[in-house]
Amino acid sequence: MTDKIAYTRHDDAAVLRIQNPPVNALSQAVRQGLWDAMDRAEADEGVRAVLIVGEGRAFIAGADITEFGKPPMEPNLPALCTRIEASPLLVVASMHGVSLGGGLEIALGAHYRIAQPSARIGLPEVHLGLIPGAGGTQRLPRLAGVEKSLDMITSGRQVKAAEALDMGVVDRVTEGDPEAVGLSYVSELLAEGATRRPVSELPAAPAIDWDATYNAVLQKGRGQISPATAVRAVQAASELSFAEGMAKERDLFMELMGTDQRQGMIHAFFSERAVGNLPELKGVTPRDLKAIGVIGGGTMGAGIATAALLSGFDVVLIEMTVDAAEAAHGRISGNLSGALKRGKISQEKFDTLTQKALTVSTDYDSLKDVDLVVEAVFENMDVKKEVFGKLDAVCKAGCILASNTSYLDVDEIAAATSRPADVIGLHFFSPAHIMKLLEVVVAEQTAPDVVATGFALGKALGKISVRAGVCDGFIGNRILATYRTAADHMVLDGASPYQIDKALVDFGFAMGPFAVADLAGLDIGWMTRKRKAPDRHPAERVPTYIDRLCEEGHFGQKTGEGYYLYEAGKRAGVPNPKISALVAAEQAELGITPRPFTDEEIVRRYMCAMVNEAAKVVGEGIARRPLDVDMTLLFGYGFPRYWGGPMKWADIVGLDTVLADIEAYASEDAWFWQPAPLLKKLVADGRTFDDLNKDAAK
């Protein structure tokens, strides 16, 4: 037996305590230890029952991620679950904290389950491009039924103890020390003469319309195959014997292990954890944050204020007029009302946040005691410099001055103050209280503890924070400008915006670029094009057909007309017939003869443009690692998670083929097709973007 399992005897019960901090991950040592401890209990004279309990924060949080990608080691988890279930002793799992993935499968291998009221269970394997592989799809439906099991498995969501009790997954919910309440339950079961109750011997769940369910889950997943594959595994639990169902589950699990999607989702899983781990911040202490200031109470400012309030900060928001201040308070209250309706906060908490924690003012002097202030005003350099000048005058020493700018030069903004070391970019994404991405833009003179504070704030707000350097658009919007331009060029060359949107949704994006532009507001791109026009090289052909629509006052969803036409109150639109005429006029003006595009060509060009610009961003140090780009696109731009991000996509399809296509497109004389030096070097050296991630982790 390994030291990962402590074995103790309590009358006629053996307690197996899992000791693998911090969350008792199912490493090989834990699996072997459980196996050996079961052997010992069965050989221990007088033992009639076994209690499995976890030490510390959790029962078992799942697999040991350090074993991912390595050759499997015996005993494997399916065999261990079967071995526990087959024991002649009565086996009880006492669950606290989380029991996720293999942790829940171990508990399902027990004969009875008791849980703490605060416990949560789940089978989150779909988030790794997999399905449960140790009997989860076979045992859970026998306890909870098909519909509830499919909901849990295909979503990967965590279920609280009370719901798990209603589902029949746990037998009792009791407050107390997990070992103490577990032993009490064991004693009660033995006194009652309770018998073993292997889940595998329970009746199979009744059948449903499996094909219709499979198709619905596949459609909901926007191309992700693991949730739909889970439907087929649960179907096996309904139609086959338990042994045959286990074999089918394993076959489906191994099929998914070999897919590109599994590669992409594993990459996303690890990158999400690595993105905030920066060597430059080791040993750097963030500044204390209690009160946050926000300048501007529009959609973005109100969202930032809402996020800060929900995370426990006091907020002082500044608007220009009393009416604007009242409107901002109303927006924030509306955001918080949503949290109240969803049960995220109580009525008492809502009242405290809106009446005590939030101050809305028109006086900059109200900011004198805040620890950090975020400017979220109109995207104009002169306006932002004016605001930062005021902040410099009223904010206390050590207060961090942050700009929410999407594109503008943070170094130039910092120069408008007497404290450039305290200035940083914090680029939130709208709606800021919902979207998870935060770009932490580090200017030339930004102090290390200010950077650390930016990341600490992101963590407190529940954001995925990515370090970015200063350039036009930073990481995300700079890359967006390029792949969006590639889409515009395809429109001029013959593809319709609607074909492009559909092809990219089919690829896995939540929305196509033209639908996104309508949602964000066409005036944003219009202003950016006008801002960049004086510095644009004559060779940089930028399509302007959509500017004609903007000049008429049509900016997308908010005005009811853009690439699509929108009925009041509806987010989905229908194609705007004006667009084809505007495109045709520009094609004629430029002497372009339109040609057909396949969906495959659309996706390939779009992705190659994205990867090429991303490689330039990494090569220039704007993003420190390829994974920073991947996390930016995943959490801020709707990139399909099962591809792992654009850099991982490029690794999967092959950097040599991506470069070859970019070099072929470069003959079209479009500025954005000039191959990135970093991409050329990686191909020449036979390396990948993931190799760069590994280099950075050393």
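**Notes on the predicted model**

1. Let's start with a charged trio: Arg-17, Glu-55 and Glu-179 are joined in a network of salt bridges (a salt bridge being a side-chain nitrogen of Lys or Arg within 4 Å of a carboxyl oxygen of Asp or Glu). Bear in mind that this is a predicted model, where local features need pLDDT of at least 70, side-chain atom pairs count only at pLDDT 80 or more, and totals for chains, interfaces and linings use all residues. Residues are numbered from 1 along each chain as its sequence is written, and side-chain values use heavy atoms, with hydrogens and water left out.

2. (Helices, H or I with at least four residues, and strands, E with at least two, are DSSP runs numbered from the N terminus.) Arg-17 is buried at 19% relative accessible area, while Glu-55 is partly exposed at 37%. For those words, buried means under 20% relative accessible area, exposed over 50%, and partly exposed in between, with a 1.4 Å probe and protein chains only.

3. The count of salt bridges comes to 41. One of them joins Glu-386 and Lys-390, at 3.8 Å from N to O. These two are 4 residues apart in helix α15 (residues 381–394), so about one helical turn separates them. As a reminder, an α-helix has 3.6 residues a turn, so residues three or four places apart point the same way. Lys-390 is partly exposed, at 38% relative accessibility. Another salt bridge brings together Arg-687 and Asp-695, at 2.8 Å from N to O; Arg-687 is partly exposed at 29%, and Asp-695 is partly exposed at 33%.

4. Now the aromatics. Which residues form one aromatic cluster? They are Tyr-483, Phe-507, Phe-509, Tyr-606, Phe-639, Tyr-642 and Trp-643. The model has 17 aromatic pairs by the ring rule: rings of Phe, Tyr and Trp (its six-membered ring) pair if their centres lie within 6.5 Å, with planes under 30 degrees apart counted as stacked, over 60 as edge-to-face and the rest as tilted.

5. Take Phe-509 and Phe-639, an edge-to-face pair with 5.3 Å centre to centre and 80° between the planes. Phe-509 lies in the loop between α19 (497–507) and α20 (513–520), and Phe-639 in the loop between α25 (626–636) and α26 (646–653), so the pair ties together parts that are 130 residues apart in sequence. Phe-509 is buried at 3%, and Phe-639 is buried at 3%. Tyr-642 and Trp-643 make a tilted pair, because their ring centres are 6.5 Å apart and their planes are at 45°. Both Tyr-642 and Trp-643 are buried.

6. What is Asp-488 in contact with, leaving aside its neighbours within four places in sequence? The partners are Phe-514, Pro-543, Tyr-545 and Tyr-563, where contact means heavy atoms within 4.5 Å.

7. The peptide bond from Pro-21 to Pro-22 is cis, with omega near 5°, and Pro-22 is in the loop between β2 (13–18) and α1 (28–43). Asn-24 is found in the loop between β2 and α1 too; although not a glycine, Asn-24 has a positive phi of about 60°, and it is buried at 1%. A cis bond also runs from Ser-430 to Pro-431, with omega near -5°; Pro-431 lies in the loop between β15 (423–428) and β16 (437–441). Phe-474, not a glycine either, has a positive phi of about 55° and is buried at 0%.

8. Last, the cysteines. How many disulfides are there? The count is 0, taking a disulfide as a pair of cysteine sulfur atoms within 2.5 Å. For Cys-395, the nearest cysteine sulfur is that of Cys-399, 4.0 Å away. Cys-395 is buried at 6% relative accessibility, and Cys-550 is buried at 2%.
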